[in-house]
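Here is a short briefing for a first look.

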Amino acid sequence: MINLAGRDILHGWGKFLFTGVGLGLLIGATLTMAGVFRGMVDDGQVLIDNSGADLWVVQQGTLGPYAEPSSIRDDVWRGISGMPGVAETGNAAYLTIQMAHAGRETRVMIVGIEVDRPNRPGAPPYLAAGRPILQGHYEAIADEKTGLKLGERVRIRRHDYTVVGLARRMVSSSGDPMIFVPLKDAQEIQFLRDNDALVNERARTAANPAFNRPGVPGLLEAAQGAATQSRNVNTVLVRLTPGADPEAVASEIRRWKRLTAYTRAQMEDILIAKLIATSAKQIGMFLVILAIVTAAIVAFIIYTMTLAKVREIAVLKLIGARNRIIAGMILQQALGLGFIGFLVGRVSAGLWGPAFPKYVLLLPADAIAGFVIVMAICALASLFAIRAALAIDPAEAIGG
Amino acid sequence: MDRPDTPAIRLTGLKKRYGTGDAAVDALKGVDMTIWPGEVVGLVGPSGSGKTTLLKCLGAVIEPTGGHMELAGETIYDHGWKIPDLRALRRDRIGFVFQAPYLIPFLDVTDNVALLPMLAGKDNAAARRRALELLTALDVAHRARAQVSQLSGGEQQRVAIARSLANHAPIILADEPTAPLDSERALTVIRILNEMAVQYQTAIIVVTHDEKIIPTFKRIYHIRDGKTHEEAGEGRAI
C-alpha cells in the first residue's frame, strides 16, 4: 500500500518543512526551559561536589551556608577535627558581589578558603590552568566564566588580586562564577567595615563608659581592636574518613558543638528541593503552558492541513478507502511534523543554549522524554483532524 | 453481440425521500432501470430532476428509502442495504468518474490508478501493472510517472477513467465527465468510455447535459420529477 502521508508530505515538502521548523523553534524554546531547570539543579549539584565536603557545619538553626546566612567562629574547626570519623576540615566564607572589571560588570561569588595546604575542603578540586593559591593574601583562582585571564589583576573591594589559577564549572547555586581567595581576605571582604565606619565605631566605643573606664588600662584598645578584625566564617566543611557514617558524625556535631551539621543528602535537599523550588515551579508552569501551546499549534496546523484536503479525503472514502487509512494518513503527518519539529527544536536548543547567561543543561534523558511527549502531543492533536476527516461525507466528491 | 443473461444494474421502483413530514421531498419516485454489461447509457434531465440523487443511490453513497437494487444479479438494496460493507462495495464493484477528475494531487498518475487495487488488498507491483495496462489502453502511459498537475484536462479525465476501471468494476458511474472539455475532447472521452465498456464488459451510466454527446448514446434514460423513462438514442458513431 502506498504511504499516503509520506507522498503528501513529499508533494508539499516546502510547506511542511517550514511548518516543522516553526514548530521546532517552539519545541526548542520548551527544551531550553527544561535545560535551564536542569542547569539550576546541576549548579547546585556541582556546588556540593566541588566543595569536596561530606558535612557542612553551620550556625545553629540556619540552612546555611548557601540558602541562608550562617556565621560561626573560625576556630570551631579545632573541636570538630578531633571527633571520630572526621578526616579533614576547612573553613569557608561565601559572599556574592557585583564585580566591575574591564568595563563590564559580573556577578561573582567570592569564596574564602584556607590555603595552608592544597586539597582542603572548599578548594577547587582541579584547575583548568595556573596553580593553587600559595600566598596568604591577594591571590585568586577564578572560574573561566568570569572572563578573567591568568596573571590578570582584579580589584575586589579594597584590594587588587592576581589571578594565579583558572577553574572550570565552579559556580554558585545561582550559576554565578566563583573567585577563590585566601580565607583572611574573604573575611575582610565579608565582615570588615569601611574606614569611616571604623572611625565612627571607635568614637562610639570611646564614648561608652563601660569600655573607657579609668583604672582599666588597655580595655578600650582591646574593644576597638575587636571591631577591626573578623574571626567568623560561614561554614566548616568536613571531609570524613572512609567508612564513616555521615549522619552519625553530623548528629555528634549537633549534640556536642551546638551547631547545625548537614550531610550531603540534606544539603542536596536544601539546594535543589528548597532553594530552587520556586524557580522550578515557575519553569514547570512555563513548560506546561508551552506544551499546551505546542499542542494547540500542532492541532491547528494538522486540522488546517486536513481541511485543505476535504475533496481528496471524500474521493478516498468514495473509492473505498477505510477510515483507518485516512486516520493513519493524518496521524502519520502529525507525527512527521512532530519529528521534524523535535529535530529542529533539539538542534536549535543545542545551538542557542550556550549563549544563555545561565547554564543550560540538555540531558539525553530529557531529550528522549521530550521526544515522547512531543509525539504524544502530536498524536493527541491529530485527533481533532481525524475526527473532522472521518466526518467528511464521501458524497462531497460527487457534489450536487 | 449476444446480451448477457444478467443485467449489470437493475433498479425496480427505487425511491429516495429527503426530510420528513411537511418538509419531505421525494427526489426519486420509483425509478426503474436496467443496464447491461458493455453498455453505455445516458442519464439526462434538467437540474433538480434527481440525476445526482440517483447517482448517489447507485454509488451506495446515500441510502434509498424504498425499492430494489441489484448489481450483477446480486441484491444490494431491498428496502434496506443487503450488503454490510458499502465501502468495499464501492471499492470493488463501482467505478466513479466525476465532472472534475478529482485525482489525488500528491500521487503520480500510476499511483492514482493503482491506489484502488491497493486499497482492495493487491500488492503494489500487481496494482501498478494493472494501472499501466489501463493507462496504455487509454493512451496516457507516456505520462505514467507525471504528477497530476502536469497533465492536461483531457489527460486527467483519462486517468480518472483508468482509475474507475482499476478494480474491474462491473459498473461505472460518470457524473458529467465531459463538462469541462471542448467538443473534440468530450467526444474522445465518450469514445474511450464506449471502448472500455466493450473491452471490459462494464456498464457505464453517463449523467450529462452535454448536447454534443447525447446523440452518441444508444439508450437514454430521461429523468424528470424523480421518475425515469427510457428511450432509444441515436447511437451516432464517434
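A salt bridge here is a side-chain nitrogen of Lys or Arg within 4 Å of a carboxyl oxygen of Asp or Glu. By that rule, two salt bridges cross the interface of chain A and chain B. The model is predicted.

**Extent of the interface**

- The contact involves 27 residues of chain A and 26 residues of chain B.
- Between them, the two chains bury about 2600 Å². Carbon and sulfur atoms account for 65% of that area.
- On the chain A side, A:Met1, A:Ile319 and A:Ile398 lose the most area to chain B. Together these three make up 25% of what that side buries.

**Polar links across the interface**

- One salt bridge joins the side chains of A:Arg7 and B:Asp111. The N to O distance is 2.6 Å.
- Nine residue pairs are in polar contact across the interface of chain A and chain B, with both residues at pLDDT 80 or more.

**What chain A brings to chain B**

- Three helices of chain A each give two or more residues to the side that touches chain B: H1 (4-11), H10 (310-318) and H11 (323-352).
- H10(A) gives the most, with six residues.
- By residue class, this side of chain A holds 14 nonpolar, five polar and eight charged residues.

**Aromatic rings**

- Over all chains, the structure holds seven aromatic pairs.
- What is the geometry of B:Tyr77 and B:Trp81? Their ring centres are 5.4 Å apart and their planes stand at 80°, so the pair is edge-to-face. The cut-off for that class is over 60 degrees.
- B:Tyr77 counts as buried because its relative accessibility is 2%, and buried means under 20%.
- B:Phe98 and B:Tyr102 form a tilted pair. Their centres are 5.4 Å apart, with 45° between the planes.
- Is B:Phe98 buried or exposed? B:Phe98 has 2% relative accessibility, so it counts as buried.
- In chain A, one aromatic cluster is formed by A:Phe339, A:Phe342 and A:Phe371.

Terms used
Residues are numbered from 1 along each chain as its sequence is written. Chains are lettered from A and ligands numbered from 1 in the order in which they are written. This is a predicted model: local features need pLDDT of at least 70, side-chain atom pairs count only at pLDDT 80 or more; totals for chains, interfaces and linings use all residues. Side-chain values use heavy atoms; hydrogens and water are left out. Contact means heavy atoms within 4.5 Å. Buried area is the accessible area (1.4 Å probe) that two parts lose on being put together, summed over both. A polar contact is a pair of N or O atoms within 3.5 Å; within protein, one must be able to donate a hydrogen and the other to accept it, and residues adjacent in sequence count only if both atoms are side-chain atoms. Helices (H or I, at least four residues) and strands (E, at least two) are DSSP runs, numbered from the N terminus. Ala, Val, Leu, Ile, Met, Phe, Trp, Tyr, Cys and Pro count as nonpolar, Asp, Glu, Lys and Arg as charged, and the others, Gly among them, as polar. Rings of Phe, Tyr and Trp (its six-membered ring) pair if their centres lie within 6.5 Å; planes under 30 degrees apart count as stacked, over 60 as edge-to-face and the rest as tilted. Buried means under 20% relative accessible area, exposed over 50%, partly exposed in between (1.4 Å probe, protein chains only).
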